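Let's walk through this structure together, one region at a time. Keep the view open beside you as you read.

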Amino acid sequence: MENTIKKQLLELAEPEYRKFAAALIPNIDNVLGVRLPALRKLARSIAKGDWRTYLRHAESEYFEEAMLQGMVIGYLQTDIEEMLRAIADFVPKMDNWSVCDSFCIGLKFTKTNKDRVWDFLQIYLSSDKEYEIRFGVVMLLDYYVEKEYIDRVLQRLDAIKHDGYYVKMAVAWAISICYVILPEPTMAYLTSPCSLDDFTYNKALQKITESTRVDQPTKAIIRGMKRK
């Protein structure tokens, strides 16, 4: 089955698109150049078939092979515990922001299983591996920025201590989303003695000011909060 999947990916690859896609993810060199709609179509097809065998033997030689596995998991129709096992098996394969973030946005089953997935994410938020932490953080910003969870989300983000660039950027992004959706508790957090390093704190402020959902007077206040 895996050889067939790889063959399909190679046939779908576009050399010109490869140049574009590879430029977006500078730290990898295994991009084939398969467009996302084509990957999604293939993923849906696999998820309707013998996906367990596929996931058991799936390779990650190419960027698109990893992306495809993540998409397949997002399309699965199975019970939550089998879903979480599939996620746990996949997370260690992530080695770039694109696969991580696309994977997270596909895990829409989280919306109806908030408490169980929250518990599941804690091990990743406490990890020492860059993309495991980023996975946890992006899951928080995708599914947990709401009144019931905001205090816990900000606490978890504040507790993250990792020097990885893609962790810091994810935390800054998450805090900016928190501010856009729930400005009052997030402003209280940002003006408290929070534990964010200067780079992450200032990057969060920058991302808030880049949002089209924040008015100009507020952006002026946010800019004035920058750490020197």
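Is Arg 134 buried or exposed? Before the answer, please keep in mind that this is a predicted model. Arg 134 is buried, because its relative accessible area is 5%, and the cut-off for buried is under 20%. You will find Arg 134 in helix H9. Leaving aside residues up to four places away in sequence, Arg 134 touches Trp 97, Cys 100, Asp 101, Tyr 166, Val 167, Met 169, Ala 170 and Trp 173.

Now take in the helix around that arginine. Helix H9 covers residues 130-143, which makes 14 residues. From its first C-alpha to its last H9 reaches 20 Å, close to the 20 Å expected at 1.5 Å a residue. Twelve of the 14 residues of H9 are buried, so the helix is largely enclosed by the rest of the structure. Among the buried residues are Tyr 131, Glu 132, Ile 133, Phe 135, Val 138 and Leu 141. And what covers them? The cover over the buried residues of H9 includes H6, H7, helix H8 (114-125), helix H10 (150-159) and helix H11 (165-181).

The structure holds eleven aromatic pairs. One of them joins Trp 118 and Tyr 144 in an edge-to-face arrangement, with 5.3 Å centre to centre and 65° between the planes. This pair links distant parts of the chain, since Trp 118 sits in helix H8 while Tyr 144 lies in the loop between H9 and H10, 26 residues apart. Both Trp 118 and Tyr 144 are buried. Elsewhere on your tour of the rings, look for one aromatic cluster formed by Phe 90, Phe 103, Phe 120, Tyr 124 and Phe 135.

The largest pocket holds about 260 Å³. Its lining is made by Trp 51, Arg 52, Leu 55, Arg 56, Gln 69, Ile 73, Glu 82, Arg 85, Ala 86, Asp 89, Phe 90 and Lys 93. Helix H4 (51-57), helix H5 (63-75) and helix H6 (80-90) are the elements that give two or more residues to this lining, and H6 provides the largest share, five residues. By class, the lining of the largest pocket divides into six charged, five nonpolar and one polar.

The second largest pocket has about 220 Å³ of space. Among its lining residues are Leu 36, Arg 40, Met 71, Tyr 75, Phe 103, Ile 105 and Lys 108. Helix H3 (36-47), H5 and helix H7 (97-106) each supply at least two residues of that lining. Here the classes are five nonpolar, four polar and two charged residues.

One last stop lies in a loop. Asn 30 is found between helix H2 (15-24) and H3, in the loop there. How far apart in space are Asn 30 and Glu 61, C-alpha to C-alpha? They are 7.3 Å apart, although 31 residues apart in sequence. Not counting residues up to four places away in sequence, Asn 30 touches Ser 60, Glu 61, Tyr 62, Phe 63 and Glu 64.

Conventions
Residues numbered from 1 in each chain as written. Predicted model: local features only at pLDDT ≥ 70, side-chain atom pairs only at ≥ 80, totals over all residues. Heavy atoms only, no water. 1 Å grid on protein atoms, 1.4 Å probe; cavity = no way out; pocket = protein on both sides within 12 Å on 5 of 7 lines; lining within 4 Å. Points joined across faces, edges and corners; volume = space filled by probe spheres on them. Helix = DSSP H or I, 4+ residues; strand = E, 2+ residues; numbered from the N terminus. Nonpolar A, V, L, I, M, F, W, Y, C, P; charged D, E, K, R; others polar. Expected span 1.5 Å × (residues − 1). Buried < 20%, exposed > 50% of the residue type's maximum accessible area, 1.4 Å probe, protein only. Contact = heavy atoms within 4.5 Å. Phe/Tyr/Trp six-rings, centres within 6.5 Å; stacked < 30°, edge-to-face > 60°.
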